[in-house]
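Please view the sequence and the structure below before reading on.

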Amino acid sequence: MRVPLKAGRLGMRCAYVGLRVYWRVARPTVVGVKCVVTNDDDVLLVRHTYGHRAWDLPGGTVRRRELPIDAARREMHEELGRRIEDWQMLGTMNATADHHDDNLHLFTADIGDRRIDIDLLELAEAVWFAPDDLPPDIGPYVGKILARVRLVTEA
């Protein structure tokens with residue numbers, strides 16, 4: 001039995017609130033991935049249905065005993081409905097947000113078309129943007145990560 005979309009999104013928001021309470025109390029280090037998915041020169045940004053609603057790069061948390069590259073592959077399949085195998089590592093980035101430390105593994109991949117099938121439970125929308133025409137309300141890491149992509153492709 002499938003959960004209706006509105007109820008599922010409400011459940012995601014409630015779970016996120018619980019996660020933020022846990023972060024405030026435990027102050028853990030969270031290992032995650034952020035993925036720069038491009039097509040030609042455009043970059044894919046997403047808006048989640050929970051948490052901060054700023055435009056962000058797709059990604060997620062690395063599971064226990066999961067390699068970061070495998071987390072990137074899994075998250076893109078779950079969120080975007082795409083199996084992307086050819087990733088380039090951009091390095092790591094450490095930051096503190098929402099009372100937890102983020103240890104982010106950064107990846108980039110250029111895909112041959114713009115075909116995506118987003119998970120409507122987790123993502124409100126996904127849009128392709130030109131790098132010089134990003135929306136004003138982007139997440140805190142987006143600019144820094146995209147700068148790494150430009151540095152890697154110029155090298």
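## Overall fold

The model described here is predicted. Its chain contains three helices and six strands, and these elements follow one another along the sequence in the pattern α-β-β-β-α-β-β-β-α.

Of the 155 residues in the chain, 43% are buried. Among contacts between residues at least 6 apart in sequence, 68% join residues at least 24 apart. The chain has an accessible surface of about 9000 Å², and carbon and sulfur atoms account for 54% of that surface.

L5, L120 and L121 together make a nonpolar surface patch of about 230 Å². One of these residues, L121, is found in the loop that runs between β5 (100-110) and β6 (123-129). The relative accessible area of L121 is 31%, so this residue is classed as partly exposed.

## Two loop residues with positive phi

Most residues other than glycine have a negative phi. D40 has a positive value, near 55°. This residue belongs to the loop between β1 (29-39) and β2 (42-48), and its relative accessibility of 63% means that D40 counts as exposed.

R65 also has a positive phi, near 65°. The loop that holds R65 lies between β3 (59-61) and α2 (68-80). With a relative accessible area of 80%, R65 is exposed.

Notes: Residues numbered from 1 in each chain as written. Predicted model: local features only at pLDDT ≥ 70, side-chain atom pairs only at ≥ 80, totals over all residues. Heavy atoms only, no water. Patch = residues over 30% accessible without salt bridge, like charges linked within 9 Å, V, L, I, M, F, W, Y side chains within 5 Å. Areas by Shrake-Rupley, 256 points an atom, 1.4 Å probe, with all protein chains shown as cover. Salt bridge = Lys/Arg side-chain N within 4 Å of Asp/Glu carboxyl O. Helix = DSSP H or I, 4+ residues; strand = E, 2+ residues; numbered from the N terminus. Buried < 20%, exposed > 50% of the residue type's maximum accessible area, 1.4 Å probe, protein only. Contact = heavy atoms within 4.5 Å.
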